[in-house]
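Trainee: Could we go through the pockets and the aromatic contacts of this model together, with the reasoning spelled out at each step?

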Amino acid sequence: MPRIGAHFHVDNPLAEATALGADAVQFFLGDPQGWKGPVIPGGDPEAVRSAYAAAGVDIYIHAPYVINVAASNNRIRIPSRKLLIQQLAAAAAVGAKGLIVHGGHVTAGVDHAEGVENWRKAVERIERPLPMLIENTAGGEGAMARSLDAIGRLWEAVTGAAGDGGDTIGFCLDTCHANSAGIELDDAVDRIKAITGRIDLVHCNNSRDDFGSGRDRHANITAGTIDPAALLAVVRGAGATAICETPAEDDGLAADVSWLRQHLSDAGKRAGA
C-alpha cells in the first residue's frame with residue numbers, strides 16, 4: 001500500500017504526523033512566498049534526519065512558490081536558480097526523499113519554448129543531491145506544466161539535460177491541479193506515465209472548483225467537486241506516496257489521511273480476496 005502523509009504548516013511536523021499515524025510529511029523550509037534561504041527546523045539537519053528516520057516517517061520538502069526558473073526576466077530567473085540550489089541542498093541535509101518545485105511560467109507574449117529552454121539550462125547547471133520533483137500546475141496560459149502537451153515538452157527537455165538517465169528528475173501529480181487544468185483523472189496516471197515513465201509523488205487534493213476552471217483551491221477529499229473514488233484510483237494507479245494538502249480546519253486533514261488509508265486498505269483486501 002502506498003505511504004500516506006500530509007503537508008503541515010506547523011513548527012513540529014513530526015509530532016503532527018505521529019498523531020495522525022502518517023507515514024510521510026511535507027513542509028516548507030521557511031516562507032513559501034519569500035526569497036530568503038531555507039531554515040532548518042531546530043537548526044540541526046542531522047537531528048531532523050535522525051528523528052524522522054527513527055519514527056519511520058518520510059520527509060518531502062516543498063520549494064517556495066516564488067521560484068520560477070522558466071522566467072525570461074533575469075531578476076526572477078537567476079534568484080530562482082539560486083534559491084532552488086539552496087533548497088535542494090537543505091532538503092538533502094535533512095534526509096528528504098524529494099524536493100517538489102512548481103513548473104513555473106512565462107509571461108504573456110513570451111514564447112513557451114523560451115521557458116522550456118530556461119528549464120533545460122537550469123537542470124544542466126544545478127546540482128541535485130536528491131530527486132527534484134516537478135509538479136503540474138492548475139492555470140495560466142504560459143504555464144510550463146499545466147497541459148499534458150506542455151508537460152511533455154518540459155519533460156523531454158529536463159530529462160535530456162539531466163544526463164543521468166533522469167534519476168534526479170521526478171514528477172509530482174497534483175489531482176486538484178490536474179482537474180483544474182482540464183486533465184481527466186480517469187486516465188491521468190496512464191497518460192502522464194506515458195510521458196514521464198514515472199510518478200514519484202501524488203498530492204491527493206480535492207477541488208473547490210469545477211473541471212477546467214484553472215483555479216487552485218484545494219478541498220478535503222470528500223468535500224470537493226471531484227469524485228473521491230477518482231482520487232483513490234489515482235493514488236492506487238500511481239503507486240507512489242500520497243500527500244494530502246487539504247484544509248486542516250475541523251480536523252479535515254486528519255480525516256483525509258484516515259479516509260485514504262482506510263479505503264486503500266479495503267481495496268487491497270478486496271484485491272487479495
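**Pockets and an aromatic pair**

Mentor: Let us begin with the largest pocket of this predicted model, to whose lining helix H1 (13-20) and helix H9 (252-272) each contribute at least two residues.

Trainee: Which residues lie nearest the centre of the largest pocket?

Mentor: The space in the largest pocket comes to about 450 Å³, and its lining divides into nine nonpolar, eight polar and seven charged residues. Of the 24 residues that line the largest pocket, those nearest its centre are His 7, His 9, Glu 245, Thr 246 and Pro 247.

Trainee: How many charged residues does the lining of the second largest pocket have?

Mentor: The second largest pocket holds about 350 Å³ of space, and among the 22 residues lining it, Tyr 65, Asn 68, Gly 104, His 105 and Thr 137 are the closest to its centre. Sorted by class, this lining has eight nonpolar and 13 polar residues, and the number of charged residues is one.

Trainee: What kind of aromatic pair do Phe 28 and Tyr 65 form?

Mentor: The ring centres of Phe 28 and Tyr 65 are 5.4 Å apart, with 75° between the planes. Because planes over 60 degrees apart count as edge-to-face, the pair of Phe 28 and Tyr 65 is edge-to-face.

Trainee: How many residues apart in sequence are the parts that this pair ties together?

Mentor: Phe 28, buried at 13% relative accessibility, sits in the loop between strand S2 (24-27) and helix H2 (45-55). Tyr 65, partly exposed at 37%, belongs to the loop between strand S3 (58-62) and helix H3 (74-93), so the parts tied together are separated in sequence by 37 residues.

Note on methods
Residues numbered from 1 in each chain as written. Predicted model: local features only at pLDDT ≥ 70, side-chain atom pairs only at ≥ 80, totals over all residues. Heavy atoms only, no water. Phe/Tyr/Trp six-rings, centres within 6.5 Å; stacked < 30°, edge-to-face > 60°. Helix = DSSP H or I, 4+ residues; strand = E, 2+ residues; numbered from the N terminus. Buried < 20%, exposed > 50% of the residue type's maximum accessible area, 1.4 Å probe, protein only. 1 Å grid on protein atoms, 1.4 Å probe; cavity = no way out; pocket = protein on both sides within 12 Å on 5 of 7 lines; lining within 4 Å. Points joined across faces, edges and corners; volume = space filled by probe spheres on them. Nonpolar A, V, L, I, M, F, W, Y, C, P; charged D, E, K, R; others polar.
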